[in-house]
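Dear colleague,

Please read the notes alongside the coordinates.

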Amino acid sequence: MADATLPHFMASAEISSLTFASLRQTLIEEAAEHDLPIVTDTGDAVRCRTAFGDVSAFATGEGVRLEISAPSESFLSELKDAIIVHLAEAVPQLMRGLQWSDAAPAGSLPKNFRFATVVDLQPLGPLFLRVTLQSHDLDDYTSQSIHFRLALPPAGLADVTWPSLDADGQTIWPQGENALHRPVYTARSCDAAAGLLVFDVYLHDGGRVTEWLRTRPLGVTIGMTGPGGSGQLDEELVYMFADETGFPAMARILENLSPHAKGEAYFESENGIPSDYPVIAPDGIVLHWLKRGDGLPIADLAVQRMAEEEGGFLWVAAEKGGVTRLRQALASQLKTRGTRKYVSAYWQR
Ligand SMILES: Cc1cc2nc3c(=O)[nH]c(=O)nc-3n(C[C@H](O)[C@H](O)[C@H](O)COP(=O)(O)OP(=O)(O)OC[C@H]3O[C@@H](n4cnc5c(N)ncnc54)[C@H](O)[C@@H]3O)c2cc1C
């Protein structure tokens with residue numbers, strides 16, 4: 001995880017349309033939903049710690065001050081975007097007149113946005129295509145924050161609109177026929193000095209990224225935002241479960257585990273064969289390759305295995321329906337497992 005104890009960059013917004021009590025409540029509920037710790041909670045201040053920095057609310061005479069602090073500009077920008085998405089869903093009036101203190105000139109590109117050019121495409125087994133992007137300022141793309149979003153213009157659009165900041169410092173994304181496709185991917189590796197980022201796409205019919213890659217877009221410039229999400233695990237015992245969309249993240253985490261780590265990693269795919277995806281893992285991790293449809297869906301298998309194990313870190317990346325069932329099981333029959341887990345929906349049917 002990024003060192004959120006050393007925030008160097010900060011942005012705040014004064015909100016007069018909300019009380020401290022209501023924003024505190026929302027922040028605490030969001031933190032609980034995402035397994036994030038509340039590190040301060042007093043009568044007039046609450047602070048939640050994330051992998052990218054801290055989100056705080058302070059009572060002021062007129063209302064409440066929302067404050068974000070992070071170790072880099074792009075983490076700050078990611079956190080601001082995440083706040084807008086998560087908190088504004090719960091309290092729509094948060095958006096009214098929200099003005100960030102560090103607002104760049106209107107029309108600027110968001111700090112976490114970069115242009116990137118496709119410089120290489122290589123088949124990776126029968127199910128994946130390995131894509132290499134050339135970009136710049138990739139220092140934040142470390143093994144501790146491995147996810148990012150593509151920003152793909154609609155096919156055939158001659159005049160692309162990219163995101164920009166408005167006068168309040170909020171990111172404005174193009175809408176309607178100009179809307180960009182923004183799926184999340186995992187940086188399989190990143191060489192910041194060379195400006196190269198590699199990611200692996202699971203090819204599935206009907207997927208817009210798959211269709212785009214089938215046009216062999218070498219030399220094409222796209223957008224990307226990030227990094228976001230989590231990464232490296234400092235754990236000695238892990239139980240990991242994923243379908244193809246989680247293979248890149250699981251492989252990157254496995255290769256960065258301590259060489260003494262123990263546990264199991266379950267890979268569910270169309271074929272269920274080890275050559276589906278290259279994985280390097282410590283000797284103490286047993287790899288299982290499962291063919292989809294031959295047994296329990298991967299998230300349900302996680303429920304079954306976790307009912308048999310007491311300790312260890314649970315890591316799951318799969319389709320949303322199965323992840324919802326797993327979360328329900330964690331809240332009921334598996335609740336003694338505590339919060340040492342990463343359980344995430346990577347795609348939706
Ligand atoms: C944190 C995170 C990391 C991720 N990392 C990766 C990664 O490294 N590599 C990767 O390939 N994916 C990854 N994903 C999953 C990826 O974001 C989704 O699969 C996304 O929907 C792909 O967009 P698309 O353009 O292919 O499909 P869309 O055009 O958005 O969707 C078209 C159709 O495809 C269906 N669909 C989407 N995903 C799948 C699937 N896996 N199997 C079958 N149907 C599907 C949708 O339900 C929809 O009906 C990640 C997701 C998250 C949240």
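How far apart do the C-alpha centres of domain 2 and domain 3 lie? They lie 26 Å apart, with domain 2 covering 113-228 and domain 3 covering 237-347, bounds that come from an automatic or database domain assignment.

This is a predicted model, in which local features need pLDDT of at least 70 and side-chain atom pairs count only at pLDDT 80 or more, while totals for chains, interfaces and linings use all residues. Residues are numbered from 1 along each chain as its sequence is written, and side-chain values use heavy atoms, with hydrogens and water left out.

In contact (heavy atoms within 4.5 Å) are 18 residues of domain 2 and 20 residues of domain 3. Between them the two domains bury about 1400 Å², 57% of it on carbon and sulfur atoms; buried area here is the accessible area (1.4 Å probe) lost when two parts are put together, summed over both. Of the area that domain 2 buries against domain 3, Leu127, Arg188 and Tyr202 supply 41%, more than any other three residues.

The count of salt bridges between domain 2 and domain 3 is one, where the term requires a side-chain nitrogen of Lys or Arg within 4 Å of a carboxyl oxygen of Asp or Glu. The side chains of arginine 188 and glutamate 255 form a salt bridge, at 3.1 Å from N to O. On the side of domain 2 that touches domain 3, the elements giving two or more residues are strands E7 (128-134), E11 (184-191) and E12 (196-202), strands being DSSP runs (E, at least two residues) numbered from the N terminus. E11 gives the most, with four residues.

Best regards
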